[in-house]
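Welcome, and please open your viewer. We will go from stop to stop, selecting a few residues each time and looking at what is there.

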Amino acid sequence: MRIGIDMDDTICDSIEAMLPHICREYNLNYEEEKKKGYSYYSYLNLKRFNDFAKREFPNILFNAKLKNGADYYINELSKFNEIIFITARGSKYFDNPYELCKRYLDKYNIKYDKLIVDAHDKGSICKRENIDVFIDDSIKNCVSVGEYGIRVFIYDNTYNKNEDRFDRVYNWKEIYDKIKNQH
């Protein structure tokens with residue numbers, strides 16, 4: 001089986017890592033912004049945000065907390081499946097997004113077969129890569145992938161609570177159990 005996995009807020013707590021820095025930079029209320037998820041950047045001065053992100057995000061995301069058990073359960077899945085990380089992290093915010101992601105995965109000794117960065121049309125990428133199961137927190141990405149008939153797990157977060165078209169998962173043990181039962 002080929003398993004596609006997003007990185008931000010799927011294997012690591014990216015918003016939790018970035019948001020305090022964004023709130024300080026823009027003098028925003030952390031609790032209010034946390035409820036919005038990734039929409040925080042939609043109303044900020046984009047030039048200023050892009051400069052801030054390019055300067056700060058590589059270090060912030062490299063140090064983002066790994067979700068509990070992500071390393072263990074992904075490595076267990078990798079014993080009998082192909083693991084393909086598919087992330088939107090790209091050159092807009094990172095000088096070398098591939099290297100940043102690779103270093104993060106290596107830091108936690110996470111096994112994988114392929115890493116795809118700058119992935120903004122995850123549906124067509126998953127189709128091209130013959131992905132059987134895809135895991136992401138973004139509704140938009142889950143919809144895009146699901147349109148190809150690929151099984152999707154939506155990783156629970158505050159901004160996707162009302163989404164009910166996909167199998168909702170809350171942790172990596174649950175993901176592991178659901179995939180293992182498919183074999």
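Is Asn-130 buried or exposed? Select Asn-130 and have a look: its relative accessible area is 54%, so Asn-130 is exposed. Keep in mind on this tour that the model is predicted. Asn-130 sits in the loop that links α6 (122-128) to β4 (133-136).

**Next stop: Asp-9**

Now select Asp-9, in the loop between β1 (2-5) and α1. Asp-9 is not a glycine, yet its phi is positive, at about 60 degrees. What about its surroundings? With a relative accessibility of 3%, Asp-9 counts as buried.

**Next stop: two helices**

Select residues 14-26, which form helix α1, together with residues 46-62, which form helix α3. Two packed helices are described by the angle between their axes and the distance between the axes. Here the axes come within 11 Å and cross at roughly 140 degrees, which makes α1 oblique to α3. The crossing of α1 past α3 is right-handed.

Show the side chains where the helices meet. On the α1 side you will find Ser-14, Ala-17, Met-18, His-21, Ile-22, Glu-25 and Tyr-26. On the α3 side are Arg-48, Phe-49, Phe-52, Arg-55, Phe-57, Ile-60 and Leu-61. Sorted by kind, the residues of this contact are nine nonpolar, two polar and three charged.

Zoom in on Ile-60, which belongs to helix α3. Which residues does Ile-60 touch, not counting those up to four places away in sequence? They are Ala-17, Met-18 and His-21. Draw a line from the C-alpha of Ile-60 to that of Met-18: it spans 6.3 Å, although the two are 42 residues apart in sequence. Ile-60 has 8% relative accessibility, so it counts as buried.

**Last stop: the cores**

In soluble globular proteins, nonpolar side chains tend to be buried together. The largest nonpolar core of this model has 44 residues. Select Ile-5, Ile-11, Phe-57, Ile-74, Phe-85 and Trp-172, the residues with the most contacts inside that core.

Stay with Phe-85 and show what surrounds it. Leaving aside neighbours within four places in sequence, Phe-85 is in contact with residues including Ile-5, Met-7, Ile-11, Ile-74, Leu-105 and Ile-110. Asp-6 and Lys-114 are also among its contacts.

Finally, select Ile-84, Ile-131, Ile-150 and Phe-166. These four are included in a second, separate core of 14 residues.

Note on methods
Residues are numbered from 1 along each chain as its sequence is written. This is a predicted model: local features need pLDDT of at least 70, side-chain atom pairs count only at pLDDT 80 or more; totals for chains, interfaces and linings use all residues. Side-chain values use heavy atoms; hydrogens and water are left out. A nonpolar core is a set of buried Ala, Val, Leu, Ile, Met, Phe, Trp, Tyr and Cys residues joined through side-chain atoms within 4.5 Å. Buried means under 20% relative accessible area, exposed over 50%, partly exposed in between (1.4 Å probe, protein chains only). Contact means heavy atoms within 4.5 Å. Axes are lines fitted to C-alpha atoms, for helices over the stretch in contact, and angles run from 0 to 180 degrees between N-to-C directions. Helices (H or I, at least four residues) and strands (E, at least two) are DSSP runs, numbered from the N terminus. Angles under 35 degrees count as roughly parallel, over 145 as roughly antiparallel, 65 to 115 as roughly perpendicular and the rest as oblique. A crossing is left-handed if the near helix is turned anticlockwise from the far one by less than a right angle, and right-handed if clockwise. Ala, Val, Leu, Ile, Met, Phe, Trp, Tyr, Cys and Pro count as nonpolar, Asp, Glu, Lys and Arg as charged, and the others, Gly among them, as polar.
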